[in-house]
Amino acid sequence: MMAGVSTHTDAPPRPATLDRLQRKAFHTFSRRFAVPMLGAGFGSLVVSDVTGSLLLLTTIDRHTGDLKRTPLGYAVVGGAVVVVSGSGPQAEWFCNALSDPRVEIVLPGTRLRGSASPVTDPARRRTALRALIDSMPMPSLMLGDRDADDDASIDELAARCPVLAITPTAVLPGPFDPRGWAPKLNTWLAVAAPVAVGAIAIAALRRTHR
């Protein structure tokens with residue numbers, strides 16, 4: 001691909017029906033699976049090379065003041081957590097973060113409080129978008145042509161899908177930290193597993209001696 005030559009506009013337009021179906025499927029997955037799993041601290045179980053890594057973003061609704069939770073693919077760039085709005089600048093979570101930058105995020109194994117701000121510097125935005133596209137193969141399909149990585153195409157994508165950077169301001173207690181549920185579960189498993197194995201072994205020995 002020649003530098004400075006955009007190939008994004010050469011790609012055939014995506015069918016509107018396909019876009020709607022993809023977004024509906026993603027929203028259903030988010031509401032019924034991703035939000036409960038991430039909120040409960042099971043983010044490490046939904047990480048893969050296909051879906052990428054997911055975080056759970058909590059924003060303050062700009063109209064009601066209620067807390068809103070949204071699962072998003074993310075990347076870590078320059079010490080900040082970056083996310084992209086595939087639905088454009090009108091996405092509720094994006095507008096909420098612009099209205100009140102105080103947010104919380106649940107990463108796999110970690111909860112953070114942070115300050116959100118839009119990424120407007122062109123060079124930083126290109127770096128962030130490229131990192132996001134590389135880090136989440138399946139969700140990034142909704143962003144458009146993943147092969148169009150020249151600067152002009154990335155800038156065109158940024159005009160449609162704004163990027164938000166979240167700078168951590170505090171580490172919050174998470175499920176894998178002291179007094180979280182994960183250490184308790186691991187302790188229980190460490191005790192229960194040998195007992196279960198022993199019971200199975202004893203039962204097997206009794207069957208062989210009958």
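Where does P173 lie? P173 is in the loop that joins strand 7 to helix 5 (181-208); point 8 returns to this residue.

1. Basis of the note. The model is a predicted one, in which local features need pLDDT of at least 70 and side-chain atom pairs count only at pLDDT 80 or more, while totals for chains, interfaces and linings use all residues. Residues are numbered from 1 along each chain as its sequence is written, and side-chain values use heavy atoms, with hydrogens and water left out.

2. Overall organisation. The protein chain contains five helices and seven strands, where helices (H or I, at least four residues) and strands (E, at least two) are DSSP runs numbered from the N terminus. Their order from the N terminus is α-β-β-β-β-α-β-β-α-α-β-α. Of the 210 residues in the protein chain, 35% are buried; the term buried denotes under 20% relative accessible area, exposed over 50%, and partly exposed the range in between (1.4 Å probe, protein chains only). Contact is taken as heavy atoms within 4.5 Å. Among contacts between residues at least 6 apart in sequence, 66% link residues at least 24 apart.

3. Helix 3 (residues 122-135) has 14 residues and spans 20 Å from first C-alpha to last, close to the 20 Å expected at 1.5 Å a residue; the expected span is 1.5 Å times one less than the number of residues. Its buried residues are R125, A128, L129, L132 and I133. Viewed down the axis of helix 3, these buried residues lie within an arc of 130°, so they line one face of the helix; the arc is that of the directions from the helix axis to the C-beta atoms. In general, an α-helix has 3.6 residues a turn, so residues three or four places apart point the same way. The cover over the buried residues of helix 3 includes strand 2 (67-73), strand 3 (75-77), strand 4 (80-84), helix 4 and strand 7 (163-172).

4. L132 as an example from that face. L132 belongs to helix 3 and is buried, at a relative accessible area of 0%. Leaving aside residues up to four places away in sequence, L132 touches G73, Y74, A75, V82, V83, V84 and V163. L132 and V84 are 48 residues apart in sequence, and their C-alpha atoms are 7.6 Å apart.

5. The pairing of helix 3 with helix 4. The axes of helix 3 and helix 4 (residues 151-160) come within 10 Å and cross at roughly 85°. Helix 3 is therefore roughly perpendicular to helix 4, the term applying to angles of 65 to 115 degrees. Axes are lines fitted to C-alpha atoms, for helices over the stretch in contact, with angles from 0 to 180 degrees between N-to-C directions. R125, R126, L129, R130 and I133 of helix 3 meet D151, I154, D155, L157 and A158 of helix 4. This contact has five nonpolar, no polar and five charged residues. In this classification, Ala, Val, Leu, Ile, Met, Phe, Trp, Tyr, Cys and Pro count as nonpolar, Asp, Glu, Lys and Arg as charged, and the others, Gly among them, as polar.

6. S153, I154, L157 and A158 are buried in helix 4. Down the axis of helix 4, its buried residues fall within an arc of 140°, so they line one face of the helix. The buried residues of helix 4 pack against helix 3. D150, in the loop between helix 3 and helix 4, is buried at a relative accessible area of 6%.

7. Helix 2 and strand 5. In helix 2 (residues 92-99), the buried residues are W93, F94, C95, N96 and A97. They pack against strand 1 (54-60), strand 2, strand 4, strand 5 (102-107), strand 6 (110-118) and strand 7. V103, in strand 5, is buried at 2% relative accessibility. Residues that V103 touches include A97, L57, L112 and I166. V103 and I60 are 43 residues apart in sequence and 7.4 Å apart from C-alpha to C-alpha.

8. P173 again. P173 is exposed, with a relative accessible area of 61%. The C-alpha atoms of P173 and R111, 62 residues apart along the chain, are separated by 6.5 Å.

How values were computed: Parallel < 35°, antiparallel > 145°, perpendicular 65-115°, else oblique.
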